[in-house]
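Hi,

Here is the structure I promised to pass on to you.

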Amino acid sequence: KEIDKNKYNILDIGSGYGESTIKLAKIDKQKVVISCDKYIDGLNSLYNQVKFDSLENIYIYQGNVYQMLDEHCKKDFISEVWILFPDPWPKKRHFKRRLIDNFFFMKINKFLKSGATIHIASDSKSYISQILRVINQIRNDFKWLNQNKLEWDYDPLILPETKYYKKALKNGLNPFYAKLKKL
C-alpha cells in the first residue's frame, strides 16, 4: 500500500523494538509512522505489538534507510524524523558507519517537507560531539530548536522510553537530545 505524500508522515529510523514507533502512532492516529530498521528481531516485536494494539497507521520497512528513501519516498514527503540512540559505532575506525553526518542531512533534505523536524538522541559522548559538529555545519539548512543546554536532556514525558534510553540511565549516562527544523 502506498503512503500518501499529503499525510503527516513520520520516519522512525533505527526503530529497534518499536517503542518509539508505537508511542508516535498512538499519539495521533491520523499521522503515519514509518518504522525503518535493518534488524528483523526488533521489527518482529514491533509487528506483534502493532497487531496487538490494532494500529493501522504504521508501516514497517526492513532494511537500510537510504534504500528506503530512494525506493519509497518522494520529494517533500516526510514531516518528522526520529533517530533515537543510533548505533554509536564506538571504535574510531568504525566512525564512518555512523548514520548522522553531513551526507545524511544532504540526502534526507530533499525528502523533508518545509518546516519538518528531526529529533536525535544519543548517550555516546563521542557521537554527541560528532552530532554537535554536524549541527553546526548544516545550520544554513536546519535550525537547531533546543540550543539551550538545559533543553538537551532526554525528557521521558515527551520522548519514548526506549530500551536504549533505559540502558543509558542504568549505566549512569545522561542522554542528549537535539531537535532540528528544516528551513
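**Charged and aromatic contacts**

Lysine 107 is buried, at a relative accessible area of 16% (buried means under 20%, exposed over 50% and partly exposed in between, with a 1.4 Å probe and protein chains only). Its side chain meets that of aspartate 70 in a salt bridge, 2.5 Å from N to O. This pair links distant parts of the chain, with lysine 107 in helix H4 and aspartate 70 in helix H3 (residues 65-72), 37 residues apart. Aspartate 70 itself is partly exposed, with a relative accessible area of 47%.

Before the rest, some housekeeping. This is a predicted model, in which local features need pLDDT of at least 70 and side-chain atom pairs count only at pLDDT 80 or more, while totals for chains, interfaces and linings use all residues. Residues are numbered from 1 along each chain as its sequence is written, and side-chain values use heavy atoms, leaving out hydrogens and water. Helices (H or I, at least four residues) and strands (E, at least two) are DSSP runs, numbered from the N terminus.

The structure holds three salt bridges, each defined as a side-chain nitrogen of Lys or Arg within 4 Å of a carboxyl oxygen of Asp or Glu. One of them joins aspartate 53 and lysine 26 at 3.2 Å, N to O. Aspartate 53 lies in helix H2 (residues 40-53) and lysine 26 in helix H1 (residues 19-27), so this pair ties together parts that are 27 residues apart in sequence. Lysine 26 counts as partly exposed, at 45% relative accessibility. Another salt bridge is between aspartate 76 and lysine 75, at 3.8 Å, N to O. Here lysine 75 counts as exposed at 54% relative accessibility, and aspartate 76 as partly exposed at 29%.

On to the rings. A search of the whole structure finds seven aromatic pairs (rings of Phe, Tyr and Trp, the last by its six-membered ring, with centres within 6.5 Å; planes under 30 degrees apart are stacked, over 60 edge-to-face and the rest tilted). Among them, tyrosine 66 and phenylalanine 103 are edge-to-face, 5.2 Å centre to centre with 65° between the planes. That pair also links distant parts of the chain, from tyrosine 66 in helix H3 to phenylalanine 103 in helix H4, 37 residues apart. Phenylalanine 103 is partly exposed, with a relative accessible area of 47%. Elsewhere, Phe85, Tyr154 and Tyr165 form one aromatic cluster.
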